[in-house]
Amino acid sequence: MSVMNGDIKERVKNAKRIVVKVGTSTLTYANGNLNLGLLNKLVWVLSDLRNQERDVVLVTSGAIGVGSKKLDFKTRPKETREKQAAAAVGQAELMHIYQNFFSEYSQKTAQILLTKDDFKEGERKTNTNNTFETLLEYGVIPIVNANDTISTFEIEFSDNDRLSASVASLLKADLLIILTDIDALYDSNPKTNPDAQRIAYVEKVTDDIMEMGGEKGSEFSVGGMETKLLAARECFDSGVVMAILDGSNPLLVERLISGEDIGTVFDCIA
């Protein structure tokens with residue numbers, strides 16, 4: 001851990017290909033309803049990045065959470081078949097809302113649903129990469145989620161923090177930004193320890209860093225800080241810079257790229 005130097009700030013500022021991940025606890029209120037105001041701000045920020053001729057990919061959670069609310073589940077369902085049903089209902093709802101917001105800013109979008117098999121070496125990985133590259137070539141913003149409706153393995157053992165790292169690695173992205181319900185990595189839990197210190201810059205995700213991972217967010221979410229640190233490790237192996245920011249204010253994405261010292265930046269250069 002150290003202070004982020006000017007070289008890293010320049011690389012973030014000049015990032016040409018950016019993957020942004022947003023989680024369920026960021027997209028929704030505590031009662032499970034979508035935070036439409038936040039969604040609109042997020043879409044505005046991503047659209048502005050696209051207008052700067054940067055490649056933009058959005059990895060979104062929320063399908064099971066949105067579907068659970070639509071089906072009147074009080075908490076995230078426990079049974080796999082209920083999770084799949086919620087994902088099927090929620091994914092359609094989520095994409096409809098995203099498309100409506102992005103169209104207001106004259107942006108083209110596409111839906112991509114992925115499983116772990118799509119990242120394994122072979123024809124499926126090649127096809128997945130080709131689809132992304134073609135969409136980005138035509139100025140489309142791919143909206144990515146795990147294919148929870150089909151793959152039970154994805155529901156039981158995956159999280160979209162790791163998915164976003166896999167997407168960023170596949171696309172050789174310059175920067176992965178994870179928007180979450182905490183503004184950075186801390187040396188202890190800031191929700192219970194008022195003296196917790198923000199860690200601005202991490203050179204390597206060591207075992208000591210991994211121990212700083214906390215619990216997950218809302219009742220409708222899956223991941224916690226631990227999954228974000230695992231994502232940082234994957235980014236390190238692929239040479240992708242990663243940052244954690246407070247998702248309650250999507251405008252922080254622009255402030256990070258402009259060089260402001262916010263959140264936590266992982267200098268994941270292999």
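1. Thr-28 lies in the loop between helix H2 (24–27) and helix H3 (36–51); helices (H or I, at least four residues) and strands (E, at least two) are DSSP runs numbered from the N terminus. The model is predicted: local features need pLDDT of at least 70 and side-chain atom pairs pLDDT 80 or more, while totals for chains, interfaces and linings use all residues. Residues are numbered from 1 along each chain as its sequence is written, and side-chain values use heavy atoms, with hydrogens and water left out.

2. At 7% relative accessibility, Thr-28 is buried (under 20% relative accessible area; exposed is over 50%, partly exposed in between; 1.4 Å probe, protein chains only). Its side chain reaches the backbone oxygen of Thr-24 at 2.7 Å.

3. UniProt, in an unreviewed entry, lists Lys-21, Thr-180 and Asp-181 under "binding site". These residues span 161 residues in sequence, yet no two of their C-alpha atoms are more than 12.1 Å apart, so they gather at one spot. UniProt positions follow the numbering used here, feature names are shortened, and annotations may be inferred rather than shown by experiment.

4. Lys-21 belongs to strand S1 (residues 17–22) and is buried at 5% relative accessibility. Beyond four places in sequence, its contacts (heavy atoms within 4.5 Å) include Asp-161 and Ile-178.

5. Thr-180 belongs to strand S5 (residues 175–180) and is buried, with a relative accessible area of 6%. Its side chain makes a polar contact with that of Asp-181 at 3.3 Å (a pair of N or O atoms within 3.5 Å; within protein, one must be able to donate a hydrogen and the other to accept it, and residues adjacent in sequence count only if both atoms are side-chain atoms).
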